Amino acid sequence: MSKKDQTEQQGANAIDEINDQLTGISRKVQENQRIIYISTGIVAFIVICVLVYIYAFRNPGIERGNNEIGLADLQLFQGNDSIALTQYESIANEHGYSAGNRAALQAAILLFEKGEYQQALDYLSKYSADEAFIGAAAYSLEGDCYVNLDQLDNAVKSFNKAIAQSNDNPSYTPFFMLKLARVYNAQQKYGDELKVYEKIEKEYPAYGNMYGVDIRKYLERARLQAAQ
């Protein structure tokens, strides 16, 4: 084969190779397009499902829950605690969303006031404690229920949750810490009690004077008991 023929053959081979590459690329593009179309279809289907859920189910459910808890709040405001409790329990059991969540907490509060501590705990377990102060108060209520049920280890856990949730609020955090200290005292864990009072005195020095609580008196008592 002459040099010219060899050159032409190499050129032809190069063209064939380029064509093969272009064909392969085209095939990949087509395959990718199919994947893109399929993926787009899946995403569109998911979006449609979400919208149907929101407008056909979620929004009406939220509206019903809000309407029902409004009626329960009205009964509570009028002093009809038993009726309000029944309505709150129904909402908490049947509705999700914010109405069901708040209804669970309201039911727990009313049950606690009636002395039905275990039932109050059952509804507190349905409550999602997200907001700082209300969430902390819910954990504190949980602790109070456990104290009344003489489940002091669980009470300690709940009060610690309340302390953590309250985000170092100078009015509320020391209050929950005092509850924790009193549980430690009941458990005769005087060293742990002492540490709580020392922390209150160090980190919230104005609390005692502000609310008329003699932190120093409790601290000294705990110190004496811890030393015995």
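Student: Which residue lies over the face of Y218?

Tutor: This is a predicted model, in which local features need pLDDT of at least 70, side-chain atom pairs count only at pLDDT 80 or more, and totals for chains, interfaces and linings use all residues. Residues are numbered from 1 along each chain as its sequence is written, and side-chain values use heavy atoms, with hydrogens and water left out. K217 lies over the face of Y218, 5.2 Å from the ring centre; a charge sits over a ring if NZ of Lys or CZ of Arg is within 6 Å of the ring centre and within 35 degrees of the ring normal.

Student: How is the aromatic pair of Y197 and Y218 described?

Tutor: A pair of aromatic rings is described by the distance of the centres and the angle of the planes. Rings of Phe, Tyr and Trp (its six-membered ring) pair if their centres lie within 6.5 Å; planes under 30 degrees apart count as stacked, over 60 as edge-to-face and the rest as tilted. The count comes to 5 aromatic pairs. Among them, Y197 and Y218 are stacked, at 5.8 Å centre to centre and 20° between the planes.

Student: Is Y197 buried or exposed?

Tutor: Buried means under 20% relative accessible area, exposed over 50%, and partly exposed in between (1.4 Å probe, protein chains only). Y197 is buried at 1% relative accessibility, whereas Y218 is partly exposed at 21%.
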